[in-house]
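Trainee: Could we go through this model together, one packing question at a time?
Mentor: Gladly, let us open it up.

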Amino acid sequence: MKKPLRWGELYWIFGVLFVSLGVALCSKADLGISMIAAPPFILQEAIAPYWTGCTVGTMEYIFQGFLILALCAVVRRVRFRYLFSFVVAVVYGLVLDLWLFLLGEEPFVEIWTRWVFLIVGDCITALGVACFFRTYLPLQAYELFVAEVADRFRFPVAKTKLCYDMGSLALSLLLAFCINLDAGEFDWSKIYATSYHFIGAGTVVTALINAPIIAVFGKLLNKLTGEEPLLPRMKEFFKK
């Protein structure tokens, strides 16, 4: 049976659209976003009063740019495709800003609505990540860091990803508590209904359900879609 989606390039487009939309929905829920996405949001919130033009999308690709530099230092090599990962980060940041603008700044009012949209956002994000895993085009710095470190040091990808996630969680907590210095003023009894600078109960839920949902979407995509390149020469180019 001929698969309706055949070209790997489309996965990249869907990955950018779905991941950015999912993250925007989770931020709109105001229950805490994933530990991977949290640092740029926390930094933008802290910097915005001093830099009026700093959007979440802007801070996103600045943060990913520094992550790529850190990757080069860790693996002690520089590859041509690392530059294109930064281009992906810029595109992603612009699309994320667009979704945030369309959804508006105010969080949803009802708590049950927040939880519904958090789960929906997590599912959409997971679908986008599953799409990213099936394209030969450059990845965002987050996925690139894990893939390159695992390849360079012969580490298992799953364990490398787990270590990266735990590092991201530690960084997010460090930024949230050290930059804001207002933890004592926050009503922690309501952490189920709101977030502390983008860290909350939703962050924990996202961490627990993210990997299984990505796996489910991955199996579904394998059955319904193909990954052959529309532009084979471009695939060869990005192998460099």
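Trainee: How far apart are the axes of α3 and α6, and at what angle do they pack?
Mentor: Keep in mind that this is a predicted model, where local features need pLDDT of at least 70, side-chain atom pairs count only at pLDDT 80 or more, and totals for chains, interfaces and linings use all residues. Residues are numbered from 1 along each chain as its sequence is written, and side-chain values use heavy atoms, with hydrogens and water left out. Axes here are lines fitted to C-alpha atoms, for helices over the stretch in contact, with angles from 0 to 180 degrees between N-to-C directions. For α3 and α6, the axes are 9 Å apart and the angle is about 5 degrees.

Trainee: Which orientation class does that give α3 and α6?
Mentor: Angles under 35 degrees count as roughly parallel, over 145 as roughly antiparallel, 65 to 115 as roughly perpendicular and the rest as oblique. The angle of α3 and α6 is about 5 degrees, so this pair is roughly parallel.

Trainee: How does the contact of α3 with α6 divide by class?
Mentor: Contact means heavy atoms within 4.5 Å. On the α3 side the residues include F63, L67, L71 and V74, and they meet residues of α6 including Y142, F145 and V149. Ala, Val, Leu, Ile, Met, Phe, Trp, Tyr, Cys and Pro count as nonpolar, Asp, Glu, Lys and Arg as charged, and the others, Gly among them, as polar. The contact of α3 with α6 then has 13 nonpolar, one polar and three charged residues.

Trainee: What are the end C-alpha atoms of α3 apart, and why does that agree with its length?
Mentor: Helices (H or I, at least four residues) and strands (E, at least two) are DSSP runs, numbered from the N terminus. The expected span is 1.5 Å times one less than the number of residues. With 20 residues, 56-75, α3 should span 28 Å, so it agrees with the distance between its end C-alpha atoms, 28 Å.

Trainee: Which residue follows α3, and what is its phi?
Mentor: Most residues other than glycine have a negative phi. The residue that follows α3 has a positive one: R76, near 55 degrees.

Trainee: Where is D30, and what is its phi?
Mentor: D30 lies in the loop between α1 (8-29) and α2 (38-47). Its phi is positive in a residue other than glycine, near 60 degrees.

Trainee: How do α6 and α7 cross, and which class of orientation is it?
Mentor: The axes of α6 (residues 141-153) and α7 (residues 157-180) come within 9 Å and cross at roughly 130 degrees. Residues making the contact include F145 and V149 of α6 and V157 and Y164 of α7. By class there are seven nonpolar, one polar and one charged residues. The orientation of α6 and α7 is therefore oblique.

Trainee: How do the axes of α5 and α8 cross, and why is the pair called oblique?
Mentor: The axes of α5 (residues 111-132) and α8 come within 8 Å. They cross at roughly 45 degrees, and α5 and α8 are therefore oblique.

Trainee: How many residues of each class are in the contact of α5 with α8?
Mentor: W115, L118 and I119 are among the α5 residues, meeting α8 residues that include I209, I213 and F217. The contact divides into 16 nonpolar, four polar and one charged.
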